[in-house]
Amino acid sequence: MKRVKIVDVLKSEDYGKEILVMGWVRTKRISKNVCFIALNDGSTINNLQIVVDVNPEFENILAKINTGASISVLGKTVESMGSGQNAELHCLKLEIIGQANPDEYPLQPKRHSLEFLREIAHLRFRTNTFSAVFRIRHAMTFAIHKFFNDKGFCNVHSPIITSSDAEGAGEMFHVTSLDLNNLPRTEDNKIDYSKDFFGKQTHLTVSGQLEAELAAMALSEVYTFGPTFRAENSNTARHLAEFWMIEPEMAFYDIHDNMDLAEEMLQYLVKYALDNCSDDLKFLTKRRADEQSQKPQNQRDAMSLVERLEFIVNNKFERLTYTEAYEILKNSKHNQKGKFAYPVEEWGIDLQSEHERYLVEKHFKKPVILTDYPKEIKAFYMKQNDDGTTVRAMDVLFPQIGEIIGGSQREENYEKLLSRMDEMNIPEEEMWWFLETRKFGTVPHSGYGLGFERLMLFVTGMSNIRDVIPFPRTPHNAAF
Ligand code: 4AD
Ligand code: MG
C-alpha cells in the first residue's frame, strides 16, 4: 500500500478508509485500554492522532515506542471527536521503523530553548517551530521564483567563485587550492597566485549583481537567487557569513521603477505566506506572542505576527531621501536625549540598525525606502546624482529588521563609472568586462538585493537569523 501524507489525511473527510501513514512520534499517551500517539511526518505542523487498542497484539510494540521513534501505521480513518482536527486513525497494524532511546534522544515533548536547539541543528527540524520555519522558507523560495517568472524575468546563475569584490568592502573568503603550509612566492615575496588553481586570486562571491548586470544588458529583466558569503566579523542576530540573496537587475528601469518593483515584490511575498502558510503562521504567531509576554511591557510588539504581515500587505511604504531621514533623526528627541548608541551628528554617517528601526518603528510606523545616500558610504557602481555628493541608492527598511533590501540605479555612463572606480582604487584592468557593458549599447538600469534570511526573520517572527537557515555559518561556527 502507498503511504499517505498526514496533511492529506487531516484534510480529507472521507472516513472509514484503510490507509498507511508513516512518521515520527511526537508523544505517546496511554489511558485505560487505549494508547494515543501523536504522529508527525513534516507535511504539516498538525499531528495525526493514532488510536491503538492496548491488547496483547500491540502491547509489546507500544512499549518500545517513544518520542522520536519512526513508525508505520495501517489503520482506518474515523472522524475525530476531539476539537480541532477532522480525522484520526484507528490502528490495525503497527510497525516500528526506527526506535529512539528515550535516555539519549534530546527532544522531549516540552519547550526547548532556541540556543539549545542550535546545538542540535541536525534534529531541530523535528520541532514544531523549526518545521514551520523551514516549510515557510520553502514557500518563500517558490514564491520568489513564481513572482519573477510571472513577470517574465529570467533566472540567471551567477558564479560562486569570483575574482571581483562587487561591494568593494573587502569582506571576502579566499578560495585556493594552494598548500597553505608551503606557499609559492614571487620574487618580491608575495604569494604567487599564478600557481593557484585558477592562476589568479579568487574568492567566494559577496553578490551576484555584477554578473546579473551583464545578463540584463541582453535579457532585460533577470534575477539571481543564490548563496553569498561575507567574512565580516559582525556577530549579530541579523548577520550570517553565508546567506542567500535575491538580486533582480532590470534594463530600462530608473530608481523609481526599482522602488516600485521592490515594494510590489515584498508585498507579494508576505501575502503569499499569509495565503499559503496559515497553519504554520498561526503556530508562529502564538510562539511569538508567548515570547513577547516574557518581555517588559514597553518592549513588546505592538502587533501580533500575522497582524504585522497584514499591515505590510495593506500599507504603502514611505519614501524619502537619506538627507530627509538624517534631519528627522538628528532632530529627534531620541537623539537629543542621547538615546542612540551612535549619536546622529554629521551628515554623511552610515545609518545603524537602531537609526533605521527608529524611522520605521517609531517615526513612520511603516516600512521605509531611503534613497540618495552619500556616495562615500555606498558602492562604486551606483549612479551619481548631479549634486556630486549623493548616489541613487535605495535601502528598504522593515520593522524589527532594519535593512532588508539594498539596491540602486546603476551608473551607466562609461566616463563617470571609470572615474568613480579610479577614486575608489578599483582596478580597471580587473573590471574591463563590467566596463564594456557601458561601452556597447549602455542603458539606464537598476537592481537590488533582498537578503533572504532577513525576509525569513520578518515573515516567521523569529528573532535570530541563525534560526531561519538550516545550518547557520557565523564567526567561529560551521558545525553540521
Ligand atoms: O546591501 P547589500 O550589501 O547589497 C548588495 O550586495 C548589492 N550587490 C545588492 C544589489 O544591488 N544587487 O546586501 C543586500 C541585502 C541587505 O539589504 C541584507 O538584507 C542582506 O543582503 N545582507 C545580509 N543578510 C544576512 N547576513 C549578512 N551578513 C548580510 N549582508 C547583507
Ligand atoms: Mg546594504
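Predicted model: local features only at pLDDT ≥ 70, side-chain atom pairs only at ≥ 80, totals over all residues.
Residues are numbered from 1 along each chain as its sequence is written, chains are lettered from A and ligands numbered from 1 in the order in which they are written, and side-chain values use heavy atoms, with hydrogens and water left out.

**Stop 1: ligand 1.** Select ligand 1 and the 24 residues around it, meaning those with a heavy atom within 4 Å. Glu167, Gln209, Arg230, Glu247 and Glu403 are the closest.

Now look for polar contacts (pairs of N or O atoms within 3.5 Å). Glu247 puts a polar side-chain atom 2.7 Å from a nitrogen atom of the ligand. For Glu403, a polar side-chain atom sits 2.6 Å from a ligand oxygen atom. At Ile404, pick the backbone: a polar atom there is 2.8 Å from an oxygen atom of ligand 1. The protein buries 93% of the 630 Å² that ligand 1 exposes when taken alone (Shrake-Rupley method, 1.4 Å probe).

**Stop 2: strand 15.** Select residues 402–409, a strand (a DSSP run of E, at least two residues). Strand 15 gives the most to the shell around ligand 1, with five residues.

**Stop 3: Ile161.** Go to strand 7, residues 161–162, to find Ile161. Is Ile161 buried, partly exposed or exposed? Its relative accessibility is 39%, so Ile161 counts as partly exposed (buried is under 20%, exposed over 50%, partly exposed in between).

Definitions and conventions
Helix = DSSP H or I, 4+ residues; strand = E, 2+ residues; numbered from the N terminus. Buried < 20%, exposed > 50% of the residue type's maximum accessible area, 1.4 Å probe, protein only. Polar contact = N/O pair within 3.5 Å; in protein donor to acceptor, adjacent residues only side chain to side chain.
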